[in-house]
Amino acid sequence: MFFGPFLIFYALAFFLVLTFLFVLVEIGVIRYAFEMIGLPPELAFLALFASLIGSYINIPIAKINGGMPHTADLVNSFGVRYQVPTRYAGAETTLAVNVGGAIVPVLISLYVLAHHPGALLPALIGVAIVSLVVHRCARPVPGLGVATPMIVPPVVAALSAWLVSGLFGSPSHIDVIAYVSGVLGTLIGADLANLNKLGGLGAPVASIGGAGTFDGIFLTGIVAVLLA
């Protein structure tokens, strides 16, 4: 017979420690991916910090006719559940840019391309490949906007990086090509190329770059580098 008068306390403490360790590992992996594409340690930490904080910031840039507001609080898309910001619901869809999921990754892409000019042409070809594939996979989801299977962009970006770097004989740039292809390719193929599909979806807010840090463009770039 087992008696545990403080069993709930021990279980809670265990899960808190486990969560803390998971966060440390996740942050370490992201910093490692940033350093693989050529960011010095201090800039890698700054990029991680800006992505974490910026994930909560969406900058409104336009209003689009969104049709009838979607009433559900949660929307399922490709097996993932998303929280719909119903408090912003109205007759129009607010088009916004997520700082941590779009602006920061794009700035990182420009930085690494400026420091690795030899990767510019292969990266542009990779961007074109990822854009075409992601655009074909993107689907309009009522109440959410345009969604894409999360696994498709990073896998396609990694494969494109392997292919293009082999053709151009630049294996040392494979991580840069994978990151830039994943970030800019997803931004163009999933978001920018599908802006005309937002009308009538009833989405209160359509955020370019995803609704949070570990989503959308940010996650695509990180996973693409690790896969490459």
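1. In which element of the chain is confidence lowest, and in which is it highest? Confidence is lowest in strand β2 (residues 74-77), with a mean of 54, and highest in α4, at 92. The score is pLDDT, the predictor's confidence in each residue from 0 to 100. Helices (H or I, at least four residues) and strands (E, at least two) are DSSP runs numbered from the N terminus.

2. This is a predicted model, in which local features need pLDDT of at least 70 and side-chain atom pairs count only at pLDDT 80 or more, while totals for chains, interfaces and linings use all residues. Residues are numbered from 1 along each chain as its sequence is written, and side-chain values use heavy atoms, with hydrogens and water left out.

3. The chain has a mean pLDDT of 75, and 70% of its residues reach 70 or more. Residues 1-7 have pLDDT below 50, and this stretch has 0 contacts (heavy atoms within 4.5 Å) beyond near neighbours in sequence.

4. The contact between helices α4 and α5 includes L121, I125 and V133 of α4, and V156, V164 and F168 of α5. By class, 14 of the contact residues are nonpolar, 2 are polar and none is charged. Here Ala, Val, Leu, Ile, Met, Phe, Trp, Tyr, Cys and Pro count as nonpolar, Asp, Glu, Lys and Arg as charged, and the others, Gly among them, as polar.

5. For the lining of the second largest pocket, the division is 9 nonpolar, no polar and no charged residues. Helices α2 (41-54) and α3 (99-115) are the elements that each give two or more residues to this lining.
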